[in-house]
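I keep these notes to record what I looked up, in the order in which I looked it up. The sequence and the coordinates come before the entries.

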Amino acid sequence: MLSDYMGGKTKPSTRASPKAATSSRLVTVLTCLQFAFAVYATFLLYFMSPSVDLRGKPDFSWATRIWKQFTLTPHVINHYQESNALVKEYSLIPSQVCEQEKIDFVQKKSTDAVMIKLKTELYQQVLDFQKAKIGTETLSELMSMKSKWDNTNNKIPKVTVILNHFKRKTLCAQIDSLLHQTLPFHHVWVLSFGSPNEQSLKRIVESYNNSKISFISSSYDFKYYGRFQMALQTEADLVYILDDDMIPGTKMLQILSHVAGTEKYKNSVLGSIGRILPFRQKDFTFPSYRKFRSKEAGLYLPDPAYDITLDRVVQVDFLSSSWFLSAELVKTLFIETPFTFMTGEDLHLSYQLQKYRNAGSFVLPVDPKDKETWGDSEHRLAYVAETTVIFKDIVQVRDDQWWKALSNGYITQWAAMNPQKIDALFYAHSIEEVKTLSPLLEKFRTTVGKKAYIVVSGGGFCPCEEAAVALKWPKSVCKERRFKIFDLGIGAISAAVSDSEVPVFQGVYASMKGLIKIHNPSVVIAVSDIESNVKKALKMAAETNLNSSTLVLLPRSTVPKALWMADLRPTALPNWNRMRLSISIITQNRVNSLTRLLKSLSNAYYLGDEVAITFNMDSKVDEATLKLANSFEWAHGPKILRRRIIQGGLIRAVSESWYPSSDDNFGLLLEDDIEVSPYYYLWIKNALLSYHYDPQVSLPELASISLYTPRLVEVVKERPKWNATEFFKGIHPNTPYLHQLPCSWGAVFFPKQWREFYVYMNTRFTEDAKQNPVQIPKSRTNGWQASWKKFLIDMMYLRGYVSLYPNFPNQASFSTNHMEPGAHISAKDNVVKHDKSDFEVPLLGRDFRDLLPNGKLPPVGKLPALNLFNQAVSLKGLKAAGAKLGQDVLECGAAEVVVVDRETGLASHCAKF
């Protein structure tokens with residue numbers, strides 16, 4: 001029987017009977033089988049021993065095949081032809097089963113001069129940009145870089161190669177190339193998912209009789225993502241995934257491994273073919289990546305049709321046909337659900353790697369004289385594959401996919417080469433937030449020269465089309481390839497079926513980080529009560545932008561009050577959160593006045609800013625005032641109570657009530673008989689951002705911002721009435737103006753000048769006003785004794801400082817003075833009669849923007865300036881008057897003023913103005 005199975009012929013026996021001969025043969029066969037099994041079992045037991053290192057994976061498949069031959073079912077053994085065919089199948093060699101792909105065409109070359117010019121110019125622009133930005137290397141330069149996988153350190157990487165096959169007849173060519181690599185592979189996995197050629201592919205793999213080459217098949221077609229799912233199973237260091245149109249040169253594994261081991265490219269995916277996605281057109285839209293005769297349609301690299309070859313490494317937007325990356329990076333592909341599983345795995349991989357790993361995609365250069373350095377030694381195969389995307393439905397899907405990626409923060413080469421600059425990027429996590437932010441978004445978008453977009457969470461949180469309806473935009477804006485609204489699709493990933501906050505946080509952070517880097521908004525705006533994890537994500541995303549994007553969180557009720565934000569310069573907007581206002585209340589025994597002041601402060605709009613409040617109480621403070629200060633609840637920041645042991649008087653009570661803690665700390669000094677408008681803080685913030693925090697605006701003379709508009713010329717003996725609205729009607733009746741007189745009835749003082757004031761007052765303070773060396777000609781202030789304001793007036797006069805004043809109809813102001821009896825008004829030594837109507841002005845109870853010239857604060861160059869006596873004069877003229885008086889702490893020339901140390905306030909030297 002054995003010889004019959006093996007294909008031989010038996011000879012009839014003349015000595016033994018047929019029955020005896022049969023029994024003898026049966027015993028012989030059984031003995032041989034027993035011996036074969038013993039040998040086979042011995043091998044198995046040896047290699048299963050713990051003392052044997054299996055990492056080398058010895059090949060004993062030959063034993064398995066022999067055993068199979070001897071253990072065939074009786075049915076097969078009794079059929080000579082079947083058994084013989086089986087033996088023949090196991091002895092197949094590649095030459096018997098391999099097929100070769102026929103390429104019956106010459107590589108296409110374009111003769112379109114316009115297209116050649118467009119493509120080569122764009123490629124050169126990309127290359128020049130990358131050379132300057134990140135540096136690009138030739139192949140020899142790459143191979144000379146220090147690498148983790150240098151041959152010199154005897155570290156050989158384990159590389160798993162994954163070949164995905166369906167119909168193309170290139171498997172043998174790929175395996176032959178891989179078997180001759182200068183760096184041997186660790187494993188090769190040949191995948192056949194739903195392929196009609198599964199059996200022929202399997203025979204090819206078996207014909208190579210190599211235990212390192214495995215065949216993995218499934219009747220289900222896992223499409224383009226299946227190979228990456230298989231890559232998750234590898235224990236190798238690196239993975240090389242190849243389409244069936246890629247036949248790599250024999251040096252590719254060595255080149256790719258070396259580059260992947262360098263510090264610069266270790267966090268990258270490498271390949272041989274790539275694409276650069278479309279650039280924006282003149283109409284601000286993006287074309288299809290397949291648009292013909294368009295420079296903006298992007299690049300296919302390398303592109304033999306236009307004679308574009310790569311002699312330097314090039315960063316691309318995504319790779320095609322082959323991917324070489326660390327096994328760890330493969331996991332990133334599956335963080336987000338792909339746009340579709342039908343196509344686009346190439347773009348999705350590069351997009352996800354950049355978004356979540358900050359990893360780039362690079363096409364390696366080649367040696368044109370050495371085809372073994374090429375990743376596609378027969379490029380015509382890849383070129384055929386590229387033309388398969390001419391089908392309109394596939395092109396549309398891929399266009400939608402790359403636009404979705406760009407809208408979700410994918411920094412394409414266009415975005416890197418053309419950094420945008422917008423004023424505001426809004427984020428809304430719900431439809432209600434969209435509605436809340438819509439007035440401010442509309443104000444930005446309708447303000448000349450301003451640019452703003454909105455990002456919505458998408459998915460089940462805030463669908464784009466519903467957001468468009470809330471904004472009164474057509475639903476089509478969600479489909480246009482134009483920047484206006486970005487749908488992150490957060491709920492469409494995994495957050496929709498998860499109770500964890502991690503997917504939402506990760507999705508918002510990763511997308512917003514990219515969008516902020518692309519568009520460089522001056523501010524990122526959201527509502528202050530947004531979900532805490534989303535708030536953290538927005539904060540982190542804004543902080544990653546090196547070009548300074550500030551996160552602005554607005555309480556919903558204050559959004560309509562912040563529309564003036566759109567009038568600020570883009571250079572001022574990033575400083576939105578810098579200012580820190582400290583309110584210092586000077587109080588002693590006017591509890592009713594204090595109650596009124598605190599109520600007005602509590603009712604003001606603070607735009608979500610933190611504002612500290614301090615109660616400065618003299619030693620004679622009464623019980624009612626103490627109790628009120630203790631019980632008062634301040635919702636906008638810390639509350640501090642300070643009480644003197646020894647009575648200090650009004651000079652010390654005011655001047656020592658606040659000292660700046662930083663250059664961004666501003667002091668609002670309020671006596672308790674002051675009352676403020678609900679809009680007072682908006683006026684302060686608007687003015688500071690317009691005239692102090694804008695780096696393009698220079699107004700170093702500005703020392704304070706007044707909340708109050710005076711009705712008298714205070715420093716003239718007669719104290720004549722004065723009306724700013726009437727005075728400036730030739731310019732604009734409601735223009736704000738600069739005045740050399742500081743205000744003591746509600747004003748914000750700047751940190752630098754307040755430090756100066758401390759030093760100056762310490763130098764010049766005298767109990768007897770007549771002994772003060774500064775005597776301003778024709779000024780009532782020369783005789784003031786119990787006034788801290790006198791010393792501030794002197795300093796501002798000598799150094800040419802000014803205050804900014806509001807100017808509205810009927811002197812309506814952001815603060816008013818109720819002129820109630822206290823340490824100054826009605827004091828025994830105060831002989832001046834005060835008419836309350838001269839000091840008590842109406843409080844502004846409405847939005848003041850429409851009263852201003854052109855509905856906003858005027859440019860600094862158009863602010864009129866007044867001297868101490870309410871006479872129009874230039875800022876230079878103010879300094880000249882102070883220099884002429886020559887009574888500052890340092891002796892300076894007629895065209896010089898004193899310059900002080902910014903941190904200490906100490907006089908440093910004289911400087912010309």
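The entries below go from the whole chain to a sheet, a helix pair, a strand residue and some salt bridges.

**Entry 1: the whole chain**

I began by noting that the model is predicted, and I kept that in mind throughout. I counted 29 helices and 29 strands in the protein chain. Of its 913 residues, 53% count as buried. I then turned to the contacts between residues with a separation of 6 or more, and found that residues 24 or more positions apart account for 80% of them.

**Entry 2: a parallel sheet**

In what order do the strands of the open sheet run? I read the order as β14-β13-β12-β15-β16, which makes 5 strands, and the pairing is parallel. The edges are formed by β14 (485–487) and β16, each of which pairs on one side only. From one strand to the next the twist averages 25°.

I went through two of the pairings in detail. Strands β12 and β13 pair in the parallel sense over 5 bridges, and within this pairing L425 has Y453 of β13 as its bridge partner. Strand β15 (residues 523–527) also pairs with β16 in the parallel sense, over 5 bridges, and here the bridge partner of V523 is T550 in β16.

Next I asked how many residues of β12 are buried. The result was 5 of the 5, so β12 is largely enclosed by the rest of the structure. In a regular strand the side chains alternate between the two faces of the sheet, and I therefore listed the faces separately.

Helix α20 (residues 502–519) lies across β12 (424–428), β13 (452–456), β14 and β15, and runs at about 165° to β12. Helix α21 (residues 532–543) lies across β12, β15 and β16, and runs at about 150° to β16.

**Entry 3: a helix pair**

I looked up how helix α14 (residues 345–357) packs with helix α16 (residues 392–407), and found an angle of about 5° with the axes 10 Å apart. That makes α14 roughly parallel to α16. On the α14 side the contact is made by D346, L347, H348 and Y351, and on the α16 side by R398, Q401, W402 and A405. By class, the residues of this contact divide into 4 nonpolar, 2 polar and 2 charged.

L670 has its place in strand β20 (residues 665–671). Is L670 buried or exposed? With a relative accessibility of 0%, L670 counts as buried. Leaving aside neighbours within four places in sequence, I found L670 in contact with I583, S584, I585, I586, L597, L601, V676 and G746. I also noted T587, which is 83 residues from L670 along the chain, with 8.8 Å between their C-alpha atoms.

**Entry 4: salt bridges**

My search of the whole structure gave 40 salt bridges, and I followed up a few of them.

The side chains of R556 and E433 meet in a salt bridge at 3.9 Å, N to O. R556 lies in the loop between β16 (550–554) and β17 (580–587) and E433 in helix α18 (residues 431–446), and this pair links distant parts of the chain, 123 residues apart. R556 is partly exposed at 30% relative accessible area, whereas E433 is buried at 5%.

D609 forms a salt bridge with K685, and the closest N and O atoms are 2.6 Å apart. D609 lies in the loop between α22 (591–602) and β18 (612–617) and K685 in helix α25 (residues 680–691), so the pair ties together parts that are 76 residues apart in sequence. Both D609 and K685 are buried.

D794 and K790 meet in a salt bridge at 2.9 Å, N to O. Both lie in helix α28 (residues 788–799), 4 residues apart, which is about one turn of the helix. D794 is buried, and K790 is buried as well.

Finally, I recorded a network of salt bridges that links K752, E756, R799 and D888.

Notes. Residues are numbered from 1 along each chain as its sequence is written. This is a predicted model: local features need pLDDT of at least 70, side-chain atom pairs count only at pLDDT 80 or more; totals for chains, interfaces and linings use all residues. Side-chain values use heavy atoms; hydrogens and water are left out. A salt bridge is a side-chain nitrogen of Lys or Arg within 4 Å of a carboxyl oxygen of Asp or Glu. Helices (H or I, at least four residues) and strands (E, at least two) are DSSP runs, numbered from the N terminus. Buried means under 20% relative accessible area, exposed over 50%, partly exposed in between (1.4 Å probe, protein chains only). Contact means heavy atoms within 4.5 Å. Axes are lines fitted to C-alpha atoms, for helices over the stretch in contact, and angles run from 0 to 180 degrees between N-to-C directions. Angles under 35 degrees count as roughly parallel, over 145 as roughly antiparallel, 65 to 115 as roughly perpendicular and the rest as oblique. Ala, Val, Leu, Ile, Met, Phe, Trp, Tyr, Cys and Pro count as nonpolar, Asp, Glu, Lys and Arg as charged, and the others, Gly among them, as polar. Two strands pair if DSSP finds at least two bridges between them.
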